[in-house]
Amino acid sequence: MTATATHLPGRSRRAERTLIGVAVSLSLLFVAAPLAYIFVRAFSQGWQVYAANILHPMTLHAIWLTTITAIVVVPVNVAFGIAAAWAVAKHRFPGRGILVTMIEIPFSISPIIAGICYLLLYGRQGLLGPWLRAQDIQVMFALPGIILVTMFVTAPFVAREVLPLMQAQGTEQEQAAVTLGASGWQVFRRVTLPNIKWALLYGAVLCTARAVGEFGGVSVVSGNIRGQTNTLPLHVELLFNDLNAVGAFAAASTLTLIALVALVVKAALEGKRG
Amino acid sequence: MTAATAQPALPPIRARRVLPGFTLSLGTTLLYLTLIVLIPVIALILKGVEMGPERFWRIVSSPRAVAAFQITLTAAAIATLFNAIYGLLMAWVLVRYDFWGKRLLDALMDVPFALPTAVAGLSLTALFSANGWFGAVLHPLGVPVVYTLLGIAVAMAFTSVPFVVRTVQPVLEDMDPALEQAAVTLGARPWTVFTRVVFPAILPAWLAGCTTAFARSLGEFGAIVFIAGNLPFRTEIAALLAFIRLEEFDYNGAAAIALVLLGFALVLLLVSNLLQFWASRHREAVR
């Protein structure tokens with residue numbers, strides 16, 4: 001076997017070393033460097049400047065706005081993800097395939113198109129514009145618009161993690177619980193939830209990371225009003241356009257930390273998700 | 001034959017809905033999808049219908065729009081070409097070899113998904129500008145990246161890195177090593193084994209990954225606005241032109257361009273789904 005093993009593609013010592021070398025150097029240059037550079041630049045003028053940049057009222061406001069958005073969006077999408085997975089994985093009905101495709105659609109639509117869709121619906125010239133104005137409800141260029149677009153963009157994240165797992169687990173355990181007289185809520189809480197908790201947590205973490213970093217869609221519907229509708233990613237752009245690179249990198253570093261937390265959670269849950 | 005007909009007729013087995021919550025969960029799902037996804041998308045389509053084909057065509061065939069589509073498609077093609085090769089290499093190295101730091105390298109492949117696109121754009125722009133780590137080397141060589149088509153391609157390539165890697169990886173992991181060993185036993189050289197045995201097995205998944213990477217590149221916005229410089233006819237991508245039209249309150253202009261991008265996205269989604277279907281059937285065969 002050892003004689004033939006070296007004749008398999010890429011199995012010779014030299015080929016292996018070359019390929020690993022190229023792969024590692026390309027990844028360091030193309031993926032690791034941009035990641036590292038964020039912190040290098042953010043701290044380029046020392047801790048004090050970094051702290052001052054983060055504690056700037058505008059930055060704090062952006063962090064606050066982004067946090068509020070995530071606090072509203074993530075639980076809603078967790079609930080949606082569970083409902084969608086329960087309906088599709090535990091029941092058979094015509095049109096299931098179409099429903100699954102529909103759940104995935106926001107992944108294929110560019111966030112900026114999502115933003116334009118929302119503007120055409122809720123904006124002043126939009127379909128619901130006149131009615132909203134009569135009711136004095138401001139959706140666009142305000143927090144509700146930001147939340148709605150973020151919901152659109154992050155809608156599939158939880159469902160996509162939970163659905164395949166629920167499908168693989170089948171319905172036997174739940175059926176047994178029902179036969180033993182458990183109520184619907186008891187079945188979910190005692191049987192289904194323990195089985196899907198890690199996938200659910202992972203989906204929620206991904207959803208949070210994506211919600212916090214959303215840029216294109218939010219940039220359309222927020223109107224970029226300084227100190228009012230500027231989320232953290234928009235604030236990064238604003239600082240960059242103001243030629244305040246170090247400030248932009250400081251704001252970006254907080255978003256990067258959230259992304260890194262998501263990656264660590266992913267690594268920790270690997271295998272546990274089943 | 002008589003034995004078969006002699007069997008007692010069983011009542012038709014019908015999957016009874018044993019589990020509760022069907023109406024509630026399906027109702028919630030449909031309501032949410034309708035409100036959050038369907039109605040907004042319909043609003044865009046209605047806008048297209050309202051403006052009519054003539055006006056739509058005039059907008060999307062205007063020189064500036066055509067230039068924007070060309071720039072977007074060219075840059076996305078370059079980015080996808082890069083990822084087709086880089087992603088294949090990464091999948092191969094991560095599946096076939098064991099080396100120090102492999103798990104970290106694997107985790108690194110998820111960075112472009114996890115990192116907000118605006119952050120990626122900011123960092124790439126600074127890296128490639130004249131006083132950044134890469135720009136300091138490339139600028140004296142006469143290879144400007146920032147504010148060029150190449151810069152747009154770099155941003156697109158970065159944000160779509162994981163697609164090819166993550167679609168090819170599982171297929172490569174599943175491949176039966178006996179196939180390659182058989183080819184070697186029959187006297188095939190390593191490169192022949194790769195092109196004749198390994199590559200055909202991963203081809204559908206690889207193409208599916210490339211399609212999604214291309215689709216993602218066409219719709220990318222956040223990373224590009226930083227690095228592109230956004231000059232009309234030079235470095236203005238379609239998504240940005242739509243955005244500019246909105247800022248000018250030209251909602252028809254924005255909607256027409258958005259509809260074209262939506263059309264691209266849906267066609268590519270269909271292609272990628274077909275490829276993935278092919279891939280899953282193919283996978284059964286080579287396992």
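Mentor: Chain A is divided into two domains: domain 1 covers 1-42 and domain 2 covers 47-269. Keep in mind that this is a predicted model. The C-alpha centres of the two domains of chain A lie 34 Å apart. Which residues carry the contact between them, by number? On one side, 4 residues of domain 1 of chain A take part, and they are in contact with 8 residues of domain 2 of chain A. Now sort the domain 1 side by class. It has 3 nonpolar residues and 1 charged residue, with no polar residues.

Now the helix α2 of chain A. It spans residues 13-42. α2(A) has 30 residues. From its first C-alpha to its last, α2(A) reaches 41 Å. At 1.5 Å a residue, 44 Å would be expected, and the span is close to that. Where does α2(A) bend? It bends at Ala32(A), by about 45 degrees. A proline follows within four residues: Pro34(A).

Look next at what α2(A) buries. The buried residues include Ile20(A), Ala23(A), Val24(A) and Ser27(A). Further along α2(A), Val31(A), Pro34(A), Ile38(A), Arg41(A) and Ala42(A) are buried too. An α-helix has 3.6 residues a turn, so residues three or four places apart point the same way.

Then turn to the other chain. How many residues does each chain give to the contact? Chain A gives 77 residues and chain B gives 76 residues. On the chain A side, α2(A) supplies the largest share, 17 residues. By class, the chain A side divides into 55 nonpolar, 15 polar and 7 charged residues.

Lys90(A) lies in helix α4 of chain A, residues 57-90. Is Lys90(A) buried or exposed? Lys90(A) is buried, because 24 other C-beta atoms lie within 10 Å, and 20 or more is the cut-off for buried. Leaving out residues up to four places away in sequence, Lys90(A) touches Met166(A), Thr171(A) and Glu174(A), and also Leu19(B). Sequence and space can be set side by side here. Lys90(A) and Gln45(A) are 45 residues apart in sequence, and their C-alpha atoms are 56 Å apart.

Asn241(A) lies in helix α13 of chain A. Asn241(A) counts as exposed, because it has 11 C-beta neighbours inside 10 Å. Asn241(A) and Ala52(A) are 189 residues apart in sequence and 19 Å apart in space, C-alpha to C-alpha. Leu243(A) sits in the loop between α13 (232-241) and α14 (245-269) of chain A. Its phi is near 60 degrees, a positive value in a residue other than glycine. Leu243(A) counts as exposed, because it has 8 C-beta neighbours inside 10 Å. Leu257(A) is in helix α14 of chain A. With 12 C-beta neighbours inside 10 Å, Leu257(A) counts as exposed. From Leu257(A) to Gly21(A) is 236 residues in sequence and 28 Å in space, C-alpha to C-alpha.

Phe249(B) sits in the loop between α13 and α14 (251-286) of chain B. Phe249(B) is not a glycine, yet its phi is positive, about 60 degrees. Phe249(B) is exposed, with 11 other C-beta atoms within 10 Å. Pro232(B) lies in the loop between α12 (222-228) and α13 (238-247) of chain B. Pro232(B) counts as partly exposed, because it has 14 C-beta neighbours inside 10 Å. Pro232(B) and Ala65(B) are 167 residues apart in sequence, but their C-alpha atoms are 9.2 Å apart.

Helix α10 of chain B, residues 177-185, has Glu180(B), Ala183(B) and Val184(B) as its buried residues. They cover an arc of only 100 degrees around the axis, so they lie on the same side of α10(B). On the other side of α10(B), Ala178(B) and Thr185(B) are exposed. Just after α10(B), Gly187(B) takes a positive phi of about 95 degrees.

Definitions and conventions:
Residues are numbered from 1 along each chain as its sequence is written. Chains are lettered from A and ligands numbered from 1 in the order in which they are written. This is a predicted model: local features need pLDDT of at least 70, side-chain atom pairs count only at pLDDT 80 or more; totals for chains, interfaces and linings use all residues. Domain bounds come from an automatic or database domain assignment. Two residues are in contact if their C-beta atoms, placed from the backbone, lie within 7 Å. Ala, Val, Leu, Ile, Met, Phe, Trp, Tyr, Cys and Pro count as nonpolar, Asp, Glu, Lys and Arg as charged, and the others, Gly among them, as polar. Helices (H or I, at least four residues) and strands (E, at least two) are DSSP runs, numbered from the N terminus. The arc is that of the directions from the helix axis to the C-beta atoms. The expected span of a helix is 1.5 Å times one less than its number of residues. The bend at a residue is the angle between axes fitted to the seven residues ending there and the seven starting there.
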